[in-house]
Amino acid sequence: MFDYTFQWKQALARLPKMLDGAVITMEVAIISMLLGILFAILLTMFRQTKSRPLNAIATTWIEIARNTPALFQIYMAHFGVASFGIHFSPFTSLLIGITFNNAGYLAENFRGALKAIPDTQARAGQSLGMSPVQSFRYIVLPQMLRISFLPMTNQMVWAILMTSLGVTVGMNSDLYGVTQDLNALTFRTFELFAIAGVIFYIITKVITLSARLIAARLFRY
Amino acid sequence: MKKYTLTALLLAAAGFAGTAAQADKLDDIISSGKLRCAVVLDFPPMGMRDENNEPIGFDVDYCNDLAAALGVEAEIVETPFPERIPALMSNRVDVGVASTSDTLERAKTVGFSIPYFAFEMVVTAAEGTDITSFESMKGHTVGAVAGTYEAIALEEYVNEWGDGSEFRPYQTQADVFLALAQGQLDATVSTSTVAQANVKSGNFGGIEVVASAPFDIDYVGLFAKRDEYGFLNYLDLFVNQQIRTGRYDELYEKWVGGDVPSLTVPGAYR
């Protein structure tokens with residue numbers, strides 16, 4: 001059924017190139033995660049305000065980010081905006097697409113986390129003379145980030161995996177792009193993608209395990 | 001006595017199973033009554049879809065001819081460029097009729113027939129750029145379809161050129177021309193047939209074929225599993241017969257038009 005002779009040496013000779021790709025993949029994921037968290041906090045605050053336009057912006061963003069394929073979001077960040085004459089490089093397009101997706105999902109996580117924090121805390125802060133912003137910043141926000149820390153690592157893993165969609169917008173320097181290039185060159189499809197799969201697995205595993213360690217250190221009572 | 005009969009029966013069964021397992025790909029195709037071809041349907045005029053969404057093109061006709069020669073029914077399996085080999089290795093197709101360049105690197109993995117078509121490469125540029133030749137692409141952002149002969153060759157040139165030159169592989173021919181029309185790419189290298197078809201289609205404005213690319217002639221072969229000698233031999237003879245009977249010229253005229261490229265290398269066998 002599956003008669004194929006694996007030639008691991010041929011594929012492993014290309015491992016250094018793939019590891020370079022893995023570095024780019026990590027880069028995209030980490031930057032998109034940091035930006036995603038910032039935007040998600042903004043979106044969460046927008047949702048808390050009584051301003052209609054701000055509410056609308058946040059809701060639209062979150063709805064699109066959560067209810068359309070990540071592939072669509074990345075494709076739009078490249079080919080979609082280009083039809084308005086705005087050109088982003090493949091790297092930037094991928095970064096924008098993933099950041100957009102991250103922010104939408106994280107904003108929902110944050111909203112869930114906020115629900116777990118009683119309103120009375122913010123009001124107690126204000127009764128001590130803090131402004132609403134101060135009480136959010138010093139009382140609510142730290143707790144919110146703590147509660148949503150593990151869901152955030154989920155999103156980080158998802159961000160790593162989403163980088164593989166970069167090939168649709170012409171990205172060839174990330175792990176998946178590099179693998180696809182090498183595949184075109186050698187046709188050693190199964191070996192190359194198996195190695196790529198292992199690298200992806202190791203990266204995400206390291207991230208989830210280290211997140212657990214960090215959580216255990218940061219959040220002990 | 002009974003024991004012996006049973007043993008004899010088992011041995012006979014094993015014998016039959018043995019011969020069955022030795023049937024090669026060619027036998028499998030003939031007995032299954034179906035030939036499954038991997039064809040790229042995003043590569044006009046070699047493979048594309050008509051208004052009824054039915055696959056048409058040079059490669060599609062070629063697959064039908066091959067099936068007719070084998071006396072079986074043809075089944076076109078659409079495979080994008082990067083997925084041709086997985087489709088073959090996972091046994092979803094029997095043969096690739098997918099405009100596949102027969103590079104030595106690839107021939108380490110799959111078996112190629114003698115060339116059944118040859119491409120010439122041209123540069124298509126967006127109007128308003130100063131690109132008039134292959135060399136003047138230096139310092140520009142250029143692209144091609146990931147996994148193709150021209151993409152591999154172009155990327156090598158771009159890496160050599162350096163300073164500001166950038167190479168972007170897109171997943172489909174349509175995306176490449178879309179990016180070119182949008183101004184995300186300054187130029188692309190593709191087969192002359194594809195370039196002409198896309199410029200003529202009028203789907204993408206502001207692009208024109210400006211020069212030919214100095215790559216070696218891109219010979220493409222049919223491909224099958226490397227160890228299926230019986231089948232690969234058949235494919236070689238089939239390609240030879242297509243040319244001998246004038247069917248190659250006929251198909252070329254139908255889908256491409258113009259001078260029919262020679263499929264032989266002067267001064268060499270095969």
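Modeller: Let's start with a term we need: two residues are in contact if their C-beta atoms, placed from the backbone, lie within 7 Å. Helices (H or I, at least four residues) and strands (E, at least two) are DSSP runs, numbered from the N terminus.

Colleague: Thanks! What kind of model is this, and how are its parts numbered?

Modeller: It is a predicted model, where local features need pLDDT of at least 70 and side-chain atom pairs count only at pLDDT 80 or more, while totals for chains, interfaces and linings use all residues. Residues are numbered from 1 along each chain as its sequence is written, and chains are lettered from A and ligands numbered from 1 in the order in which they are written.

Colleague: Which strands of chain B does helix 7 lie across?

Modeller: Helix 7 (residues 173–182) of chain B lies across strand 7 (121–126), strand 8, strand 9, strand 10 (187–191) and strand 11 of chain B. Its direction is at about 160° to strand 8 of chain B. Such angles run from 0 to 180 degrees between N-to-C directions, with axes fitted to C-alpha atoms (for helices over the stretch in contact). Helix 8 (residues 192–201) of chain B lies across strand 7, strand 10 and strand 11 of chain B, at about 115° to strand 10.

Colleague: In what order do those strands stand in their sheet?

Modeller: The order is 9-8-10-7-11 in chain B, an open sheet of five strands with mixed pairing. From one strand to the next, the twist averages 30°.

Colleague: What makes strand 9 and strand 11 of chain B edge strands?

Modeller: Strand 9 (166–170) and strand 11 (207–212) of chain B each have a single partner strand, so one side of each has no neighbour in the sheet.

Colleague: How do you know that strand 8 and strand 9 of chain B pair?

Modeller: Pairing takes at least two bridges found by DSSP. Strand 8 (residues 141–145) and strand 9 of chain B run parallel and are joined by five bridges, so they pair. Within strand 9, B:F167 stands opposite B:V142.

Colleague: Why is B:N53 called exposed?

Modeller: We count other C-beta atoms within 10 Å of a residue's own: 20 or more is buried, 12 or fewer is exposed, and in between is partly exposed. B:N53 has 7 such neighbours, so it is exposed. Its place is in the loop between strand 2 and strand 3 (55–56) of chain B.

Colleague: And what makes B:S99 buried?

Modeller: B:S99 has 28 other C-beta atoms within 10 Å, so it counts as buried. This residue lies in strand 5 (residues 95–101) of chain B.

Colleague: Which peptide bond is cis?

Modeller: The bond from B:P44 to B:P45 is cis, with omega near 0°. You will find B:P45 in the loop between strand 1 (34–39) and strand 2 (48–49) of chain B.

Colleague: Over to chain A! How do you know what span to expect for helix 8 of chain A?

Modeller: The expected span is 1.5 Å times one less than the number of residues. Helix 8 (residues 149–162) of chain A has 14 residues, and the expected span is 20 Å. The helix reaches 20 Å from its first C-alpha to its last, close to that value.

Colleague: Which residues of helix 8 of chain A are buried, and what covers them?

Modeller: The buried ones are A:M152, A:T153, A:Q155, A:M156, A:A159, A:I160 and A:M162. What covers them includes helix 2 (15–48), helix 4 (70–82), helix 5 (90–115) and helix 10 (189–218) of chain A.

Colleague: How many residues does each chain bring to the contact?

Modeller: Chain A brings 22 residues and chain B brings 23. On the chain A side, helix 4, helix 9 (175–186) and helix 10 each supply at least two residues. The largest share, six residues, comes from helix 9 of chain A.

Colleague: What lies behind the classes on that side of chain A?

Modeller: Ala, Val, Leu, Ile, Met, Phe, Trp, Tyr, Cys and Pro count as nonpolar, Asp, Glu, Lys and Arg as charged, and the others, Gly among them, as polar. By those classes, the side of chain A that touches chain B has 11 nonpolar, nine polar and two charged residues.
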